[in-house]
Amino acid sequence: MPAIGREDVARLADLARIQLTDDEITRFAGEFDAIMDAVASVSEVASEDVPATSHPIPLTNVFRTDAVTRTLTQEEALSGAPDAQDGRFAVPQILGEE
Amino acid sequence: MSAEYTALVDFDEATDRYDPVLGIEVHVELGTATKMFDGAPNIFAAEPNTAITPVSLGLPGTLPVVNEKAVEFAIKIGLALNCQIAESCRFSRKQYFYPDLTKNFQTSQYDEPIAFDGWVDVELEDGEIVRVEIERAHMEEDAGKNTHVGGATGRIQGATHSLIDYNRAGVPLVEIVTRPIPATGKRAPEVAAAYVRTLRDIFRALEVSEARMERGNVRADVNVSLRPSADAPLGTRTETKNVNSFRAIERTVRYEISRQAGILDASGTVIQETRHFHEEDGSTSSGRVKSDAEDYRYFPEPDLVPVAPSREWVEELRQGLPELPGARRRRLLGEWGFSDMEMRDAINAGALDLIEQTVTAGASAQSARKWWMGELARTAREQDADLESLPVTPQQIAQLQGLIDAKKINDKIARQVLSKVLEGAGDPAEIVETEGMAVVSDDSVLTSAVEQAIAENPDVVEKIRGGKVQAIGALIGPIMKATRGQADAGRVREIILETLGVQG
């Protein structure tokens with residue numbers, strides 16, 4: 001029983017808004033399964049006293065002071081936008097017709 | 001819109017047969033100078049897309065840095081809600097695709113909130129206290145603002161396209177989540193609103209947010225479920241999003257209780273979903289059904305290191321907490337000697353601060369209450385204004401009362417002086433001086449007025465001499481009139497009795 005099946009890949013792709021062909025789904029399912037296997041071997045050496053690590057660098061509390069820095073102008077902000085209107089970013093219809 | 005047809009059940013009947021359980025999520029925008037993760041100004045009104053930096057727009061290559069002030073405010077909120085403050089916590093990415101965020105994720109906290117396991121006491125209008133348990137309070141960023149174009153009344157349904165302003169994107173938020181709030185019964189709507197009001201007051205006392213509901217500084221998501229009895233397992237809940245006034249919160253809870261009771265009565269199943277509140281008729285409607293809505297694929301934010309507030313810092317913030325609204329109310333109740341009813345009326349009228357400042361300026365608590373809850377409350381009602389927006393200061397009221405206490409003016413003159421203060425004529429003492437409104441205390445003036453009144457009213461004099469001392473009012477009236485109300489009625493009475501040689 002593979003850890004990652006074709007349905008999992010299709011669902012993940014859907015959640016991440018990535019369009020995959022049937023062939024790609026099959027291929028990724030195999031590759032992901034191999035990755036999962038490899039990563040699973042970590043749990044063989046990790047004991048109770050080793051906490052899960054998300055941030056390997058021993059650094060905490062990197063803060064900035066609450067002071068205003070330079071901002072973009074509206075023109076700068078919208079300069080990379082495919083479409084804009086009234087100083088705002090314009091995006092296509094969010095909800096399809098119901 | 002999906003067809004929804006269920007008969008609403010009368011609220012009282014619904015709460016007779018079902019036990020409502022609440023759960024409330026409150027988002028508060030922090031009043032920092034800058035955003036959560038970048039130095040763009042945190043301001044309410046500005047030209048669209050001007051209060052932003054490349055970080056606010058999530059442009060490639062940008063990196064967030066945590067605003068220390070926002071962490072401080074979040075800890076203060078946690079402490080005020082009797083929470084534990086995490087020794088270490090981290091941010092997570094909450095992935096969703098919606099154009100109000102550019103990054104396709106919201107930087108939030110998931111499994112490690114900065115504050116957890118707290119409670120807050122909520123006082124209802126009749127003084128009953130409901131303790132609400134807080135599950136967690138976590139830090140996150142606000143999203144941009146969408147304007148939907150081409151459909152009816154700005155709704156997303158039927159819109160042809162949408163316009164986005166990212167000025168609000170990245171504004172620091174703290175989200176406070178309750179545990180299920182049981183056993184509120186028919187008072188569920190009131191409890192829900194009172195809870196959010198309590199938080200609002202705490203945010204203001206802490207000075208962590210302006211906490212203006214009408215500006216969306218404080219927003220509530222209201223969860224409601226019903227179960228057949230208090231010992232039954234929790235029913236399926238609905239979550240009505242972004243309810244932004246106390247009244248709307250009450251109406252949402254009422255409506256959901258009536259609606260869900262209708263479904264359960266018909267042996268139907270309440271669907272777990274997000275809903276929207278409609279101000280026009282107080283109803284809620286189903287939000288869009290997102291099949292994977294709950295699958296946000298949270299994972300730890302790799303661009304931010306953990307936040308580990310030192311215990312020293314937390315204790316320092318705890319020591320520096322201001323007196324919170326609940327404790328303050330209890331203290332003032334003791335100091336002022338008000339009845340519970342007087343206290344609640346003062347709170348509900350928003351007069352607490354004003355009375356306290358008037359007392360600080362030298363007036364007695366009862367006289368301060370009398371002015372703010374009497375004459376001034378009436379004026380505010382007539383003008384459809386808030387008490388605190390009236391053009392009179394607590395110091396002026398204390399001065400006015402001081403003039404009465406020193407017998408320089410009487411109550412009636414004081415009211416005339418007050419109306420001149422409200423017209424902007426200056427301080428009470430000044431007005432009394434310049435308008436010559438001080439009480440006539442010169443006995444010779446009063447004595448001649450008394451003698452005249454005695455001469456003109458022999459029948460009244462007869463009654464008084466005959467033992468009917470209460471008839472004296474018929475003499476005092478004309479004298480007050482003759483002195484244009486500026487006489488001290490008590491002194492006038494004494495002089496009459498002396499003149500007639502009658503014992504009061």
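Which residue of E2(B) is the bridge partner of Arg64(A)? In this predicted model, the residue of E2(B) that bridges to Arg64(A) is Asn67(B), and this bridge can be read together with the pairing of the strands themselves, since E1(A) and E2(B) pair in the parallel sense over two bridges.

From this pairing one can turn to the contact between the two chains as a whole, in which 33 residues of chain A are in contact with 44 residues of chain B. On the side of chain A that touches chain B, at least two residues each are supplied by strand E1 (63-64), helix H4 (74-78) and strand E3 (88-92) of chain A, and the element that gives the most to this side is E3(A), with five residues. Sorted by class, the side of chain A that touches chain B holds 16 nonpolar and 12 polar residues, together with five charged ones.

Gly39(B) counts as buried because 21 other C-beta atoms lie within 10 Å, where the cut-off for a buried residue is 20 or more. Once the neighbours within four places in sequence are left aside, the residues in contact with Gly39(B) are Ala67(A), Val68(A) and Thr69(A) from chain A, and Thr34(B) and Thr53(B) from chain B. As for its position relative to Glu68(B), which is 29 residues apart from Gly39(B) along the chain, the C-alpha atoms of the two residues are separated by 12 Å.

Conventions:
Residues are numbered from 1 along each chain as its sequence is written. Chains are lettered from A and ligands numbered from 1 in the order in which they are written. This is a predicted model: local features need pLDDT of at least 70, side-chain atom pairs count only at pLDDT 80 or more; totals for chains, interfaces and linings use all residues. A residue is buried if 20 or more other C-beta atoms lie within 10 Å of its own, exposed if 12 or fewer, and partly exposed in between; C-beta atoms are placed from the backbone. Two residues are in contact if their C-beta atoms, placed from the backbone, lie within 7 Å. Helices (H or I, at least four residues) and strands (E, at least two) are DSSP runs, numbered from the N terminus. Ala, Val, Leu, Ile, Met, Phe, Trp, Tyr, Cys and Pro count as nonpolar, Asp, Glu, Lys and Arg as charged, and the others, Gly among them, as polar. Two strands pair if DSSP finds at least two bridges between them.
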